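Here is a quick walk through one chain, from the whole down to a few single residues. Have a look at the model first, then read on.

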Amino acid sequence: MILSACQTRNLRTSILVLAAASIAGYATPRYVQTGAASGGTGTFNAPFATIQAAASIMSGGDTCYVWQGTYYETVRPTNSGTSSLPMVFRNYQSETVTVHGGAVVPASSWSQHSGSIYKATLSGTPRELFADRQYMLRARHPNVRYDRASGFCMLKAPVGTETPPTVSDWNGAILISGSASAWVSTISQPNAYTATAAGILIGPLGLLDAPAEWAYTGGVLYLWTPGGADPRTSGMAIETATRDYGFDLSSRNYIVVKGITLFGTNINMNGATYCTVDGCNVFYHNSIFIASNGFVREVETSFNSKGKGVVLGGNHNTVRNCDIAHAWGDGVTVYGADNTLENCKIGDCDWSGTDCAPVTAAGSRQIVRYNTIYDGGRSVLNHSKLHSSQIIYNDMFGSGWIRYDLAMAYTFGTDGQGTVEAYNWLHEAYSALGSAGIYHDNFSSNHTVHHNVVWTSGTNARFFGLGFNLPQTNERFYNNSFYNLTGGFTVDTASGWTNCSYVNNIYPIAVAHVNSSVTVGNNISDSCQPYTDPEFGDFTLRANMPQIDAGRVVSSYTDGYQGSAPDVGAYESGITPWVPGADFARKVWQPMRIPGQISRRGWKVFGSVGSQWVNMAIDGRMDTRWDTYSRYDSTQQNSHYYQVNMLAPVSYNKILVFAASSPRDCYARSYSVAVYDGVSAFGPPVATGAGTDSVTIITFPTQTQPAFRITQISSPGSPPWGIDEIVVVNDNTPGVQMPRTGVSGSTSLWSRVRVFATNGRLLCSVDRAHPGASLSGIVGTGAYAMRVELADGTTLRRSLVVAQPTPLRTLLRSAGQITLAR
């Protein structure tokens, strides 16, 4: 007998169910399918329509398999699992399952309010709003944008210089304020216009004056739809976010949530024990909150703290292998004891500019390891009130998007009780007014900081390796490496140092050893440039460097050294280098490596506008940029310029200007390049031309003067001019060769793009349905296999030999007749 595909699936599932039941005793599988008929019993052939229906009857050992779809609900298990029989909620096989924190606003409920503004009556107050899963902004003043690629610039806007808006209804108004030099934001609910603050006013209907803005008042939702689309006929899916939690595991034990996306909602493990969240996505999981004092993390973090992220509270709980992003507050909030956060990608958080962070960690005996943690309004990891814990093997970058006096890893007023910060990378700070890689603020004690690397690719004016405010007690700093920073560590004559050590570190400036309460020794400057390839993240030591075998033995921290003595710095020669970060989120394509590239160490860069973002064009990241967008203008104008001073004479004949991530093709429509004459002015153009989509290659006769300026020479209007990365080379740049193999496809929309190493290891997967999916990443030189899955079901397979770093979108165009429009 030949079975049909359906019968085969049923038979296979039945065999798996029987096997699972025999292993788990009385364990029962439950099945859920969105849109299933009412009256389902949770079996494979009669599934429940909601996850909660299964959660209400499940017990230890049961597994709930959820089929593909979006589920608008909060799941609250009635029972707990046990140590031998955990309760499991997971996606069926590899299907895409989303638990959503709101509801669809029916097309029939909309009516036209005025122009492109539509309105609909709602029964509940929305926290957030999405159109086709794209984030909609609350009505705001002024109308500056708010996106990570250009910076968290919403809060940079000085409200006080604006003409007061006309607002008669202050319902829902929120003022996020604080000057550009403020340590944190304050968030209040005004009932009148404030003309003295600097910040952003959001919420009132009277401010709704731009596309993708919304307001809610009197039970009515107002939306200026993107592109002016009519929500009654366009098919645009407009969804609210109203529920705090998609999974509420508070006070539950031994429950696993695996392979599920939470959108516009959160996960709660307050008071839980031995629960696990594994392989989940959590996006847009908290909203704006009121904070009259923006230091919301200076007291012990708890369930009552404002701006909580994924709630990793309770005891012995784990969050692993997750992608967590886009939050007004924390990405993940850790408290309680004995919890683990590992192998996660967490970032684009703390839009509020308070002292929330992508990761806030408090409590005792916590483990934060192998995570990629990035982009916070203030710090990237805040570990105030964290005790006896480990912060190890994390890749942290992108602090200070809004505020200053901060760090990648920051703590204040904390007895670490032996907390260890080790084997971390900390880099790319964006606060021009002052920040540090590791900052132990006032009244810090009992931390050990060893084998970390702190650097910056750009030219941040005040980025220090280590930052301190006194008093400091029993603080140990061993074998750390610093590169391209303003300072490393200075021990001054002030009182307040007690039993501290600074040993075996590679520092960027001299260490002032004038305080006998600090042990200082075997530290060596980086003036000899000891690192193998620092601009590309290789901080191992070059051969014959003075740091090799020059360290002091520090028991437990230099064990296993090679040679006659430990090396100075974070990497020991002769030992396989450690690599931090989540294994699925490491920098596969960044930073770029261009043949003949000129080092960008120490560059000074300037812009005619957007001065706070100029370093983003040389930070090694393709998802950040400098551009000419401002609150008053969003166009390309004659005389806009970007200027580079490489500080020392060097030969170069080519400039590469990347604009792959700019959402509106922000490449220069026409430009000229002039080189400084070495005396008082820029000379005549050495090159002129027009830009191209993803990368503009500007070639000219060899120059040696270190300063040059790229200037717009026309005023084409919108969009603004943007630069993701600028690279200067002294070489002929080879092209990209793409031998074609496999299937030839017809014109179709891409669905998913995957890039593999030649050994079969998956390097990157970009899913079109994933919020924030981008083709802007740069594929480095080497041989790869690319698989393009098309919306029509076709799969294209291509072998790639990439001779120069190339945007993924360019490779995709070359793979076949693929439509890139999203």
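## The chain as a whole

The chain has an accessible surface of about 30,300 Å², and 51% of that belongs to carbon and sulfur atoms. Areas here come from the Shrake-Rupley method with a 1.4 Å probe, and for residues only the protein chains shown count as cover. Keep in mind that this is a predicted model: local features need pLDDT of at least 70, side-chain atom pairs count only at pLDDT 80 or more, and totals for chains, interfaces and linings use all residues. Residues are numbered from 1 along each chain as its sequence is written, and side-chain values use heavy atoms, with hydrogens and water left out.

Of the 822 residues in the chain, 57% are buried. Buried means under 20% relative accessible area, exposed means over 50%, and partly exposed is in between (1.4 Å probe, protein chains only). The chain holds three helices and 70 strands; these are DSSP runs numbered from the N terminus, with helices being H or I of at least four residues and strands E of at least two. Take the contacts (heavy atoms within 4.5 Å) between residues at least 6 apart in sequence: 69% of them join residues at least 24 apart.

Two strands pair if DSSP finds at least two bridges between them.

Leucine 137 sits opposite glutamate 213 in S15.

## Glycine 307

Glycine 307 is in the loop between S23 (281-283) and S24 (310-312). Is glycine 307 buried or exposed? Its relative accessible area is 11%, so glycine 307 counts as buried.

Leaving out residues up to four places away in sequence, glycine 307 touches Asn286, Phe289, Arg297, Gly329, Asp330 and Cys356. Aspartate 330 is 23 residues away in sequence, yet the C-alpha to C-alpha distance is 5.9 Å.

Most residues other than glycine have a negative phi, and most peptide bonds are trans. Leucine 470 and proline 471 are joined by a cis peptide bond, with omega about 5°. Proline 471 lies in the loop between S44 (463-468) and S45 (472-478).

Tyrosine 254 has a positive phi, near 50°. Tyrosine 254 is in the loop between S18 (245-248) and S19 (255-258), and is partly exposed at 23% relative accessibility. Asparagine 446 also has a positive phi, about 60°, but lies in strand S42 (residues 444-450). At 25% relative accessibility, asparagine 446 is partly exposed.
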